[in-house]
Amino acid sequence: MAGRIPQSFIDELLARVDVIDVVDSRVKLKKTGKNYSACCPFHNENTPSFTVSPDKQFYYCFGCGASGTALKFVMEFDGLSFPDAVEKLADQVNLDVPREAASQREIQQEQQHQALFRRMEASSRFFETQLREHEQKDKAISYLKKRGLSGKAAKFFGIGYAPPGWDGLQQTLGQDKDAIKELVSCGMLIEKEDGRTYDRFRDRIMFPIRDARGRYIAFGGRVLGDEKPKYLNSPETPIFQKNRELYGLYEARKIRQKLTRFVIVEGYMDVVALAEFGIHYAVATLGTATSEHHLRRLFKIVPEVIFCFDGDDAGRTAAARAMETVLPVLSDGVQARFLFLPDGEDPDTLVRQEGKAGFEKRLNESLHLPEFLFEHLKQQVDFDTIDGKARLDKLAAPLIGRLPSGTLRNLMEKRLEDLIGTKSMALVNLRDESPEPPASPTHDYYDDLPPEEPGFIAHESNGQDTTEDPLAPLVIRALTHLVRNPSIAQSVTIPETEPESDYERLLLGVLNKLNAAPQQNSVGLLIQWIGSPWQAELQRLADSPDSDRIKPAPGDVSMVLARMAAREEDRRLESLETILRSGEKLTAEQRDELRTLKRQRHERNKKRTAIYTSR
């Protein structure tokens, strides 16, 4: 068993490599001001939203939220595990990777578990073989085809078939007493009081469950008909604890993709069906409710988790329980959302009706936790009355108090006081009764960002001289409009244009987020950016006293976007006019182009002046 890599070595490695060199060797970067940009390698886009900062040694994408250091980029882009990525970067700078010695206890435990891992892997091969060769394989294959499952998906997820009968697996794998003992220990055989054993799984479609390293640790079996129980899961064993594992997590990380969120669904077939349609970030719990450990594990990988529930009363009750579970885990930088499905639908059936685009549209429009929390509580009170608002204060304060201290908690407290129209006495009493919980230490999605430097943009010291760019003040003004009134985003059209500064990139990023998930107030917008490198800048714009004197105007935002889009035309026009001023003759095509560009500029100027003459 290899020992751990010392943190001191990882720090030294990151100090020796340059994130610009690492990224540029895989994705061609273009210098834009202090930073570098490119089309994001982790999602499809036409205009660059991926930024790399040489000063911060950090990358960030406005489109999908991908972010991290050189080490994380190699892990995500090359599809490597953490140790392999360290080895690869270390090799590039001629460093040998040291290893800490594993403890004797860790070595013994690993050796004891190896036999069980081997038995589970052999069991998986047995089930896969039965799906191909057993005399009753046709009914299993017919069931999978009826559910819309392809052979490719079955192979990728390792789906198999446990045949009928009491000892099919035992006869094949239980060659001796040691083998039978190990199969009982890992849950594949059941031992009766008289010492006799028999197969746990019989006449079921089998879904193998793998750990983070891809080792087989458990199974879930589904009946082919209406028998009960519909799903049967492995019991807890020395290598499997159900409240710590998630079906589909290993498979989601196995695919070369940038994971930016997970959706938690109920059944194994939901995970497989969503993957069939290209949604490779669904996971399912193993017969238990989502636990705090599950969530902490997911939030170490992605900044967003979406819970998927039925839209009936039972589904909303389950969602309320999930909300209470996730609250203590929501440190700044992560967020939870809630998707409620139409009556009678589940992810499996819905994605087959609507396709990937339709289902992801639902995910993008799902409720953020703050929206769901207040909506859920408002349904329990008569909100239009004074005593109803007092009751809301009493119900909401304890839930908000479960959040780790940070920006999200501050925004939730502000939102509660906005709703009730006065200072929250329940929050005051809560603070008097107990200290605020510390910020959760479990999330490391943005840990690579230096805490004293919250983003590429810093109002006083980002090194960008906005006085040289006549558009810069207007871009900042447009951002201020959006922060004050996010609903403006629904009335503007986002152009296909390449941003030329961090502020322009931020403007387009804000608009794209609001387009995907509309917000009606500043709190909702700021929640979307918690934990990102631009959180502090947007908060500064929201808190700026100047913003109170600026009346939000969609026309100002549209005008800035139009001028950004027209820059290339203006530069081409300037180039042609420079040729004329030098005394050179233009070709016929150039003269036609010059006339067209002048006409377009004239039309733009007419629209620009109309903004002011109409006021």
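The model is predicted: local features need pLDDT of at least 70, side-chain atom pairs count only at pLDDT 80 or more, and totals for chains, interfaces and linings use all residues. Residues are numbered from 1 along each chain as its sequence is written, and side-chain values use heavy atoms, without hydrogens and water.

Glutamate 266 sits in the loop between strand 12 (262-265) and helix 11 (268-276). Helices (H or I, at least four residues) and strands (E, at least two) are DSSP runs, numbered from the N terminus.

Next, select aspartate 78 and lysine 88. Their side chains form a salt bridge, 2.9 Å from N to O (a Lys or Arg side-chain nitrogen within 4 Å of an Asp or Glu carboxyl oxygen). Aspartate 78 lies in helix 3 (residues 70-78) and lysine 88 in helix 4 (residues 82-92), so the pair ties together parts 10 residues apart in sequence. Aspartate 78 is partly exposed at 22%; lysine 88 is partly exposed at 36%.

Move to arginine 431 and glutamate 413. They meet in a salt bridge too, at 3.1 Å, N to O. Arginine 431 is in helix 18 (residues 425-433) and glutamate 413 in helix 17, 18 residues apart.

Finish at helix 22 (residues 535-543). Its buried residues are Gln535, Glu537, Leu538 and Leu541.

Key: Buried < 20%, exposed > 50% of the residue type's maximum accessible area, 1.4 Å probe, protein only.
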